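Trainee: I should like to study one part of this molecule closely. Would you please take me through a single residue and the helix it meets?

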Amino acid sequence: MGYATLDAALAFPNNVPPPEAHIVITDTLKSNANFLIHHFLGNHLKADRHVVLIGLSQIFNHYFLIGRKLVNKAVCCMSWITHRCM
């Protein structure tokens, strides 16, 4: 199934889902869904729409710890900039 066939099967106006729509893409060991992610991202970006991409291949705690590190690093950088500019 090519992208043109997929667009025809989905029948979204301008190949983009309606506003306030959510799309969940999952895959299995037998079938990889990466082409769907590429398809929807490409269509949304071409239509100048906002995109939020969430990938959860790790357990939640993995992302939680990374988020804490990023926030701590941002706070340190902001503190350093504030003190340096004064």
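Mentor: Let us begin with a term: a polar contact is a pair of N or O atoms within 3.5 Å, and within protein one of them must be able to donate a hydrogen and the other to accept it. Please keep in mind that the model is predicted. In this model, the side chain of D7 makes such a polar contact with the side chain of N43, at 3.4 Å. D7 itself lies in helix α1, which covers residues 3–10. Leaving aside residues up to four places away in sequence, D7 touches F12, N15, H39 and N43. Although D7 is buried, it has no salt bridge. K46 provides the nearest side chain of opposite charge, and it is 7.8 Å away; a salt bridge would require the charged atoms to be within 4 Å.

We now turn to the partner helix. Helix α2 comprises residues 34–46, and its 13 residues should span 18 Å at 1.5 Å a residue; the end C-alpha atoms are 18 Å apart, which agrees. The buried residues of α2 are H39, F40, N43 and H44. These four cover an arc of only 120 degrees around the axis, which puts them on the same side of α2. The buried residues of α2 pack against α1. On the face turned away from that buried side, α2 carries the exposed residues H38, L45 and K46. Just after α2, D48 takes a positive phi of about 55 degrees.

Note on methods. Residues are numbered from 1 along each chain as its sequence is written. This is a predicted model: local features need pLDDT of at least 70, side-chain atom pairs count only at pLDDT 80 or more; totals for chains, interfaces and linings use all residues. Side-chain values use heavy atoms; hydrogens and water are left out. Helices (H or I, at least four residues) and strands (E, at least two) are DSSP runs, numbered from the N terminus. Buried means under 20% relative accessible area, exposed over 50%, partly exposed in between (1.4 Å probe, protein chains only). Lys and Arg count as positive and Asp and Glu as negative; His and the chain ends are not counted. Contact means heavy atoms within 4.5 Å. The expected span of a helix is 1.5 Å times one less than its number of residues. The arc is that of the directions from the helix axis to the C-beta atoms.
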